[in-house]
Amino acid sequence: LLLCEAVVSTQSTGDYEEIILLEELRNNPFKDRICKVFSDDHSGNMSFSDYLDMLSVMSLEAPKDLKSAYAFKIYDFNDDGMIDRTDLEELVNRVTGDRMRTEDVDGIVDNILKECDLDENETIMALEFEEIIQKSPDFTSNFFMEV
């Protein structure tokens, strides 16, 4: 409802600064990436259609492969089409609130790559990511927003 007001007030899109205050995003450490990935122009400003797309993908009923594709884009912080060590460091730091020592973050990233980098090239490609997600029974219930 608040996004409806934001879209109406700006006549076409909800401003990023207003959108991140929505209850669904306010406390999410990935709110900037979520807005960027779901906005048509990747600015973070969302049309009502973009917002509905986000809610659809983040619903419990969305197919796991669709959720996986969007999660991959969200976690690919440098938008280079792969999740590399830098992306994983950013992910760990956001999840932990930047409260971990660098060597601890590096250890977690090493473990993630050991488990998920199936071709051992120090990156996780979309297909590798999807394969790992398909084996994760809790992914669908954790990658969702309640409205």
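Predicted model: local features only at pLDDT ≥ 70, side-chain atom pairs only at ≥ 80, totals over all residues.
## Arg33 and its surroundings

Arg33 belongs to helix α3, which spans residues 31-38. Its relative accessibility is 4%, so Arg33 counts as buried, the limit being under 20%. Two polar contacts involve the side chain of this residue. In one, a polar atom of the Arg33 side chain lies 2.6 Å from the backbone oxygen of Lys73. In the other, the side chains of Arg33 and Asp79 are joined at 2.9 Å.

Leaving aside residues up to four places away in sequence, Arg33 touches Lys73, Ile74, Asp76, Phe77, Asp79 and Arg94.

## The largest pocket

The largest pocket holds about 590 Å³ of space. Its lining consists of 26 residues, and those nearest the centre are Phe30, Tyr75, Phe139, Asn142 and Phe143. Two or more lining residues come from each of the elements α5 (64-75), α6 (85-96), α7 (102-116), α8 (126-134) and α9 (139-142). By class, the lining comprises 19 nonpolar, three polar and four charged residues.

## The second largest pocket

The second largest pocket contains about 160 Å³ of space. It is lined by Lys36, Val37, Phe38, Ser39, Asp40, His42, Asp53, Tyr70, Lys73 and Asp79. Lys73 and Asp79, both in this lining, are also the partners of Arg33 in the polar contacts described above.

Helices α3 and α5 each supply at least two residues of this lining, and α3 gives the most, with three. Five of the lining residues are charged, three are nonpolar and two are polar.

## Aromatic pairs

Seven aromatic pairs are found in the whole structure. The ring centres of Phe38 and Tyr70 are 4.5 Å apart and their planes meet at 5 degrees, so this pair is stacked. Because Phe38 lies in helix α3 and Tyr70 in helix α5, the pair ties together parts that are 32 residues apart in sequence. Phe38 is buried at 5% relative accessibility, whereas Tyr70, at 21%, is partly exposed.

A second pair is formed by Phe72 and Phe129, whose ring centres are 5.6 Å apart; their planes stand at 65 degrees, so the pair is edge-to-face. Phe72 is in helix α5 and Phe129 in helix α8, so this pair links parts that are 57 residues apart in sequence. Phe72 is buried, with a relative accessibility of 7%, and Phe129 is buried at 11%. Phe72 and Phe129 also belong to one aromatic cluster with Phe30, Tyr75 and Phe77.

Notes:
Residues numbered from 1 in each chain as written. Heavy atoms only, no water. Helix = DSSP H or I, 4+ residues; strand = E, 2+ residues; numbered from the N terminus. Buried < 20%, exposed > 50% of the residue type's maximum accessible area, 1.4 Å probe, protein only. Polar contact = N/O pair within 3.5 Å; in protein donor to acceptor, adjacent residues only side chain to side chain. Contact = heavy atoms within 4.5 Å. 1 Å grid on protein atoms, 1.4 Å probe; cavity = no way out; pocket = protein on both sides within 12 Å on 5 of 7 lines; lining within 4 Å. Points joined across faces, edges and corners; volume = space filled by probe spheres on them. Nonpolar A, V, L, I, M, F, W, Y, C, P; charged D, E, K, R; others polar. Phe/Tyr/Trp six-rings, centres within 6.5 Å; stacked < 30°, edge-to-face > 60°.
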